[in-house]
Amino acid sequence: MSQSTLLSSPIEYLKGVGPLRADMLKKELNLYTFGDLLNHFPHRHIDKTQVLEIAKITPDQDFVQVKGVLMGMDTLGEKRSKRLVSQLRDQTGQIELAWFQGINWVQKQLMEGQTYIVFGRVSFFNGRAQIVHPEIEPYVAATAGQKSVLEPVYPSTEKLKSRGLNGKQIGKLTQALFMQISERDLPENLPASILKDQLSRWEAYRQIHFPTSQVLYKKALKRLVFEELFIAQVRLNLVKIDRHKNSRGHKFEVVGDYFNNFYNHHLPFELTGAQKRVIKEIRQDTARGYQMNRLLQGDVGSGKTMIALLSMLIAADNGYQSCMMAPTEILAQQHYAGLSELLKDMPIEVALLTGSTKTAERRRILQGLLDDTIHFVVGTHAIIEEVVQFKNLGLAVIDEQHRFGVAQRAQLWKKASIPPHVLVMTATPIPRTLAMTAFGDLDYSVMDELPPGRQPIKTVHRFETARANVMDFVKTEIQKGRQAYFVYPLIEESEKLSFEDLMQGYEQVKSYFPEPTYKISMVHGRQKNIEKETNMQRFVSGDTQILVGTTVIEVGVNVPNASVMVIESSEKFGLSQLHQLRGRVGRGSEQSYCILLSSVKASREARERLKIMCDHTDGFIIAEKDLEIRGPGDIDGTRQSGALNFKLANIINDRQTLIEAKEIATVICEKDPNLSSPENAPLKAYLLSQKSKIGWGKIA
Ligand code: ADP
Ligand code: MG
């Protein structure tokens, strides 16, 4: 059973298309074949029985469908504000219709005195209801015996509309298509056991285009959304299974003296449940002989560094070296200092390699890595430079993944004939549903638990008008010996504006906290690296009490004595960024505070975001809310893999279906990784038929 040849027929062979229209369908909507058209789904259906009386239109309606007689048309305004305006009247009232583009063409299409059915988004202008650029077509009463009461309307473009292919006219093509194809062309692709009471594939396709009732339309949508998510999950699972089977990796067979000695005698605290679970996952993964490629997500402060260290000790127990990369020099130094301290009584050699490592030291480290006298090397991207060669690199830990590109990671593979295990750690929580689709082919661990005894950071939202109070509060904290951050947004459109804002802010902070009683560090993007590092370092060492900066301070810095984070113009930040920034405080035993300053003019959406920050400290919940507000396209840290480009499914609204699809797909793939059972034959046939589209080559 291969992909129906009929469905792969070029679109120009469809009745009513021809070469000219085919060209436009390809250019405008990416529709090349019969199959593409079949998968171009209607975005709505016209139900002629669902017409609203014009008098019943209110401001809280979004889209409406009305029917009425078109009154005279007028062109108003000049040049840019030129518009075509008309009124549609029914027995109860009238509504204004307006067009700003394609005026001449629209005017030619429409006829005064004719009855039209009109659909569009209602807006109110000077208290009067109006629809701008409505979908409009002559009203034809349903004829007796007509089957579908729901007529499909398809996504179209202005260009296509002006060439006789508007949303409804595309429906004519789809109709022609269904005259040519039959059930044979759309064979079932889901195993019978999971199909249960779902519509068959053929029925679902017919009903989603030409539903015979609302109920059946919903069933069709449900089935096709499930199918889309399920197939994607099966693919991800197969890719993962294949990688596990075919990628050679170092086998970490034992947990030995290094690990046990450290665990029993030098571990400064009891591991959290989440830490224990994750280290177990890593142990199992690295013992199998295939390469681990694991993403570890853990909220700020959940203790990821300890996971890195324990994993590196397992590598050492098996005779392998490890490296740990951080995105900035400061972070690398902090990791190095932390690891050295923890390992000071252990026979483990740790080195720090960054851009500013002196030549002699550098030479010593390169030699040490080559002859295996150095076990762990911590550093910045300096460690992936070509001159850095290891005797036997077994594990690479990458902290704060989103600052490391794919190309840079690929550099790692070149360092040994067998690639090292990779552990990528990130503190940017990604909602579970998003992670499932974006990272479904990776090994994936979550740490959703903080070490005990942390005091939640108190977060408040204040308007700028209350700045004097805020400053007084910061002063009392500093007088107690604490330190404070003041963060200003990077204004993307203008670096100059950001800089001016920051400088103004700096002067303002200085006027509240005058030298020499108070000392202030400042960091920003215009500084040379060395200057930035020096200023940061002064704050880290407690030499300055206040750090004023842009978001360059966002990632990973650890100053436990800092207890206040003031975020200026906080309405300009995204939620996950606010969460990251807030994570810079609350790292010691003292109560910490985050103060979100905003203009009184902040939008309603911005205030909603700030309220979420005040109400929640769990990064995963915040990420979930962020996803709801912004949609999946904008979330940091997700790969542009196309994994999120679903035609029908929406990972926010269809969350439940996604979780269900994933569970079922995982079970099926684990039980039958080659999909060779009779039950899975339809699924395998379908995946093979799609082979040319997506790389099954990697799988089979
Ligand atoms: P992150 O996950 O943000 O990288 P870190 O690894 O920097 O977090 O850990 C934050 C702090 O929590 C560190 O001071 C670390 O020593 C401490 N910590 C980590 N794990 C535990 C634990 N199980 N119990 C108590 N403190 C812990
Ligand atoms: Mg960290």
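**View 1. Buried residues of helix α20.** In α20, the residues Ala 606, Arg 609, Leu 610, Ile 612 and Met 613 are buried (under 20% relative accessible area, with a 1.4 Å probe and protein chains only). They lie on the same side of α20, because they cover an arc of only 150° around the axis, taken from the directions from the helix axis to the C-beta atoms. Arg 604 and Lys 611, on the other side of α20, are exposed (over 50%). The model is predicted, with local features needing pLDDT of at least 70 and side-chain atom pairs pLDDT 80 or more, while totals for chains, interfaces and linings use all residues. Residues are numbered from 1 along each chain, ligands are numbered from 1 in the order in which they are written, and side-chain values use heavy atoms, without hydrogens and water.

**View 2. The span of helix α20.** Helix α20 (a DSSP run of H or I, at least four residues) has twelve residues, 604-615. At 1.5 Å a residue, times one less than the number of residues, the helix should span 16 Å, which agrees with the 16 Å between its end C-alpha atoms.

**View 3. The shell around ligand 1.** Ligand 1 is surrounded by 15 residues, each with a heavy atom within 4 Å. The closest are Gln 275, Gly 301, Lys 304, Thr 305 and Arg 454. By type, the shell has four nonpolar, six polar and five charged residues.

View 4. An oxygen atom of ligand 1 is 2.6 Å from a side-chain N or O atom of Arg 454, and one is 2.8 Å from a side-chain N or O atom of Lys 304. An oxygen atom of the ligand is 3.4 Å from a polar backbone atom of Ser 302.

Key
Helices (H or I, at least four residues) and strands (E, at least two) are DSSP runs, numbered from the N terminus. A polar contact is a pair of N or O atoms within 3.5 Å; within protein, one must be able to donate a hydrogen and the other to accept it, and residues adjacent in sequence count only if both atoms are side-chain atoms. Ala, Val, Leu, Ile, Met, Phe, Trp, Tyr, Cys and Pro count as nonpolar, Asp, Glu, Lys and Arg as charged, and the others, Gly among them, as polar.
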